[in-house]
There are 2 protein chains.
Amino acid sequence: MNCSIAQALEIIGERWTLLILRDAFYGVKKFGRFQEQLGISRNVLAARLNRLVDEGILEKVSKTAGGHPEYHLTAKGHALQPVLIALAQWGEEYMPHPKGQRFYIVEANTREPIRRLEPVSQDGRALKHHEIVSVPGPGILHN
Amino acid sequence: MNCSIAQALEIIGERWTLLILRDAFYGVKKFGRFQEQLGISRNVLAARLNRLVDEGILEKVSKTAGGHPEYHLTAKGHALQPVLIALAQWGEEYMPHPKGQRFYIVEANTREPIRRLEPVSQDGRALKHHEIVSVPGPGILHN
DNA sequence: CAGTATCCTACGTGATACTG
DNA sequence: CAGTATCACGTAGGATACTG
């Protein structure tokens, strides 16, 4: 399916994958930490990590201080942050915890919550969902 | 798992679901159109649509002009647009089609491409991935 | 056209045991 | 600790036939 969303989901649409990446953004790097955080079985975790390394989303760093390998987000991996933020904000808004926000995504320096992620025009105006359309480009037209 | 990302994925993490929603954003409303667009089997499509209606993401409208039911995005559904945009932009950037962009997401009026989705601080500064952290809120602390 | 019901298969997942 | 190998299970998915 020639669609960037479908292509993206081919990789990160697998179960567990986005949760692994969520933890990676939280700073988790070691196999065992992922495993205990997620409660995922070891073989599946290994498969997912390998896949993410193959796709260039994580980088396996073998020569670490402790002698144990670590998994680091690459630039391609870091570029997924908006996806996770969008998911988190949607989840907080429409499936809230009764006691309030589970997490605040804040600016590291000021500790101020960031804005809700929203589409903006080139000149910086926020766009409502009906002000947006998608139009075919060369990648679709020339098959 | 008490995490807004995990909660969100519980619903929209199922295979096909985000592709169904992508088509819904493209304006697809009828069962048959979804089916032919996606090449999904009818029973699975029916299950997914029902789930999305149950979750308040789609609304089933039975009294239409043609007499056939339609599925419309609700506010909760429209709120997922940033997720899809983030996925699409990531896919276009890191898994590009050799002939160029498959789609441009543009402002409806001007036909100008929108900006890349990015986290911004309250006062509107763009934030790099390392300038962002997430801190626990009441929904986590009080279990 | 818009589903539902049934069957069958394949794959994803977890549990466990094993290795370096 | 960081995996790999194997097995056993459940379920998601497609195909097909049927219904209003």
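Okay, let's start with two helices: the axes of H1 (residues 4-12) of chain A and H2 (residues 17-26) of chain B come within 10 Å and cross at roughly 165°. Axes here are lines fitted to C-alpha atoms, for helices over the stretch in contact, with angles from 0 to 180 degrees between N-to-C directions; helices are DSSP runs of H or I, at least four residues, numbered from the N terminus.

Before I go on, this is a predicted model, where local features need pLDDT of at least 70, side-chain atom pairs count only at pLDDT 80 or more, and totals for chains, interfaces and linings use all residues. Residues are numbered from 1 along each chain as its sequence is written, chains are lettered from A and ligands numbered from 1 in the order written, and side-chain values use heavy atoms, leaving out hydrogens and water.

So H1(A) and H2(B) are roughly antiparallel (angles over 145 degrees). Who touches whom? Ile5(A), Ala6(A) and Leu9(A) meet Leu18(B), Leu19(B) and Arg22(B), contact meaning heavy atoms within 4.5 Å.

Now, DNA strand D. It has 18 residues around it, and the closest are Lys60(A), Tyr71(A), Arg15(B), Asn43(B) and Arg48(B); near means a heavy atom within 4 Å. Which helix gives the most to that surface? H4(A), with four residues.

How values were computed:
Angles under 35 degrees count as roughly parallel, over 145 as roughly antiparallel, 65 to 115 as roughly perpendicular and the rest as oblique.
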